[in-house]
Each structure stands twice: as C-alpha cells, then as structure tokens.
Amino acid sequence: MCGRYYSLFDKQQIAQHFHVHGNLKDVVFPGPDYNVTPDSMQPVICRNRETGERELVMMRWGIVPWFAKTEIEFKKLSTINAKSDRLTDSKMWREPFAKRRCLVPASGLYEWPKEGKAISQFYDQVPTVEEEAGDFDNLFGTSLKAPKKTKRAKGIKRVFKVTLADEGATPFAFAGIWDSWKRPDGTYLETFALVTTEPNELVAQIQDRLALILHPKDYDRWLGIDKGDDPRLPIDLLHPFDSDKMKMLPANPAVGNVNNNGPEMLDEPDSLSGSL
C-alpha cells in the first residue's frame, strides 16, 4: 500500500518533462511537497477528451466513484490504492481502468515495514521512561518512598523513502486511474487512485505491495493515446519497476503525521541513525 509520496517539482518542470499541452494558467498547486497525503489536491496528467493530447489537471487523492450516492459514502474504505489484480473485475476500478487512466508525477514514495518482513517495523534503540510511584505507608505507619518504575516507551516506527536510483534528476510517474463524481449542484469532483502491484525484490523486504511506476516509453500506452493496432487494455504493464533501478533509504518517522512537511522528511534524524 502507498499512503504517502513526495513530489519536488513545480508546474513548469512537470509540464516540460511530461510534454503536457494546453493552457496551464488555471492549474494552481504549491511548490515542493515532501508529504503528499490522501484527500489532498494533486497534479495528474490525463488524455484530453477533445484533442487526445496530454493535459495537466488537479485531482483529489482517493477515488469517489461515479456511482456513489454521496461524497462520503466510501470514506471508510481505502480508495487511494487500486490493486492491479482487481482492475478488471472490481466495480470500483474496472470502468476507470478501461476509460480513465492517468499519470501521477512524483519524486518518491514512503513505505513503512510490515510485521514479519526482513526489516523490522521499529527501531531497536527505544528509550525508557522512569515514573514516580509515589509514597506509601508500611505496616508500622512509616511513610516510605516507592521505587521508581521503569516503563518502556512506545516504539518508533521505521519508515523508508523509495525512489529511482537517479533521484532528483527528473520526476517519474505512478500509474493512476481517475473518476468523476457529479455533485448535487451539478459540478464534478475529480479524484484519483494509485495502482499497486506486487513488490520487486527491493521493496519486498518491507512490504507486500508497491505503487506501479511506469517507464516513459509506456506513458502514452497507459493514457490510451497511442493504441496502435492493439486495442487491448495495458494489462501487460502491471508489473513492478526494476529493483536495480531503484533505491530505498531510511526516512524521517515524522512523515507519519500529516501536519509535518519539509525537506527534513526525506532524511533519517541523526538521533535514530545506526538503530537498524
């Protein structure tokens, strides 16, 4: 599962790298985002229905399907990720996969180790906290000081940033799908989800899923721009990115809080380094 990612490029850089056409004046989004969270508005690239070219638009992360009766109907379900093996049979995903695929620009993603994986969930060096137990009276009525109790502090969860080996050179693209829900007032809410697949050898050390990263040569195929003589859905692209072209490094556990953002999210604090 991918519940956080980061994107460090501005609108012009994304438009240039992904060869986006059209007017970008109405596309407004902030600069570098070191902690992209569900329910936030993010830039995605999709195929323009009229021109057939790539366009950059803003959508909310977490799909509200077209058939939803209310905007919050699926709030309790996780709709930020779409499993690749359910894209053709799930009512939630099959129409967006068939008709509404998109590219989600990014610089990297964050992943937390699952229990039972090769890399443990928590840092080994966990501080202890001493608590005063207070005074008490013994059998002779003498007030005595109780010994301090030693309590193990709550463990700190380890988190990793996963990105391409040439991190920072250019943005890459997650494979996404999107949907459009009609509000009662007649306006539309456009939302997206990241497609996930089985992990490669690198990410399998901590997780069972990996967000699907596309190769640039497959962008048009995913968007449905270059169908050529093959009208089939791009099911053949549903496989993990090459592990030898990626890297995974410790990141800042503070990224787990949606209110934390900034370049310090990308680096493990010095106080925790060496605690693997």
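A residue is called buried when its relative accessible area is under 20%, exposed when that area is over 50%, and partly exposed in between, using a 1.4 Å probe and protein chains only. The structure is a predicted model, in which local features need pLDDT of at least 70 and side-chain atom pairs count only at pLDDT 80 or more, while totals for chains, interfaces and linings use all residues. Residues are numbered from 1 along each chain as its sequence is written, and side-chain values use heavy atoms, with hydrogens and water left out.

The protein has 3 helices and 17 strands, taken as DSSP runs numbered from the N terminus (H or I of at least four residues for helices, E of at least two for strands). Of its 276 residues, 46% are buried.

Salt bridges, in which a side-chain nitrogen of Lys or Arg lies within 4 Å of a carboxyl oxygen of Asp or Glu, number 11 here. One of them joins Lys 75 to Asp 39 at 3.1 Å, N to O. Lys 75 lies in the loop between strands E4 and E5 and Asp 39 in the loop between strands E2 and E3, so this pair ties together parts 36 residues apart in sequence. Lys 75 counts as exposed because its relative accessibility is 53%, whereas Asp 39, at 43%, counts as partly exposed.

Another salt bridge brings together the side chains of Asp 179 and Arg 100 at 3.0 Å, N to O. This pair links strand E13, which holds Asp 179, with the loop between helix H2 and strand E6, where Arg 100 sits 79 residues apart from its partner. Both Asp 179 and Arg 100 are buried.
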